[in-house]
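Here's a quick tour of the charged pairs in this protein. Have the structure open as you read.

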Amino acid sequence: PHVTLPDAQTHYVKTILNRLAVDYQESGAARTDLIRPYLLALFAEINRVYVGTITATTDAGDRLVQRFMDLLTIRIRETRSASQFADWLNVSPNHLNKVVKSRTGKSPSVWIDERVVLEANVLLFQSDLTVTQIAQEMGFSDPSTFGKLFRKYAQMSPTAFRNQYVDATFE
């Protein structure tokens, strides 16, 4: 959607964009520790205006999907079982699957797999844990099963993912 910013937010957004441009010109994408907070601030300013322009019309299905997504964020390292998430939400696995898939286009198990890979990306990028330790952290008893899932969604192995950022940092 098109969002028109008031003058105050326009000034903030321009300032953030200018800082992003300067930092990117000085250090490229290697300084994600600076770029990430600027982007979060930028999105927060835009969201502040955007939220005021939409009307809240949610139904039980929307609320279930939101509760599932919230629970996914909190408990992703505890289980990869869609049935367990359905239990925590007090609905049947079939109902959870039907509602989530109809509202998002993806099944709960796909959302779970994608969130596992996202969490693994963070651990690969920000920690010194081995791939085996990350697999265990994400609930996999077999690192090769973790590697297959990771490759399915990231189109590269966990080691290749980590190495691409290590190489970029030293260039």
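Predicted model: local features only at pLDDT ≥ 70, side-chain atom pairs only at ≥ 80, totals over all residues.

Salt bridge here means a side-chain nitrogen of Lys or Arg within 4 Å of a carboxyl oxygen of Asp or Glu. Side chains of opposite charge can pair when their charged atoms come close.

How open are the two partners? Arginine 75 has 26% relative accessibility, so it counts as partly exposed, while glutamate 78 is exposed at 52%. (The cut-offs: buried is under 20% relative accessible area, exposed is over 50%, partly exposed is in between, with a 1.4 Å probe and protein chains only.)

## Reaching across the chain

Glutamate 119 pairs up with arginine 77 in a salt bridge, their closest N and O atoms being 3.1 Å apart. This one links distant parts of the chain: glutamate 119 is in helix H6 (residues 108–126), and arginine 77 is in the loop between helix H3 (60–75) and helix H4 (82–88), 42 residues apart. Helices are DSSP runs of H or I, at least four residues, numbered from the N terminus. Arginine 77 is partly exposed, at 35% relative accessibility.

## The rest of the set

Lysine 106 and glutamate 114 form a salt bridge too, with the closest N and O atoms 2.7 Å apart. Lysine 106 is partly exposed at 28%, and glutamate 114 is partly exposed at 24%.

Then there's a network of salt bridges linking Asp59, Asp62 and Arg103. The count comes to 6 salt bridges.

Residues are numbered from 1 along each chain as its sequence is written, and side-chain values use heavy atoms, leaving out hydrogens and water. Local features need pLDDT of at least 70, side-chain atom pairs count only at pLDDT 80 or more, and totals for chains, interfaces and linings use all residues.

Technical notes:
Helix = DSSP H or I, 4+ residues; strand = E, 2+ residues; numbered from the N terminus.
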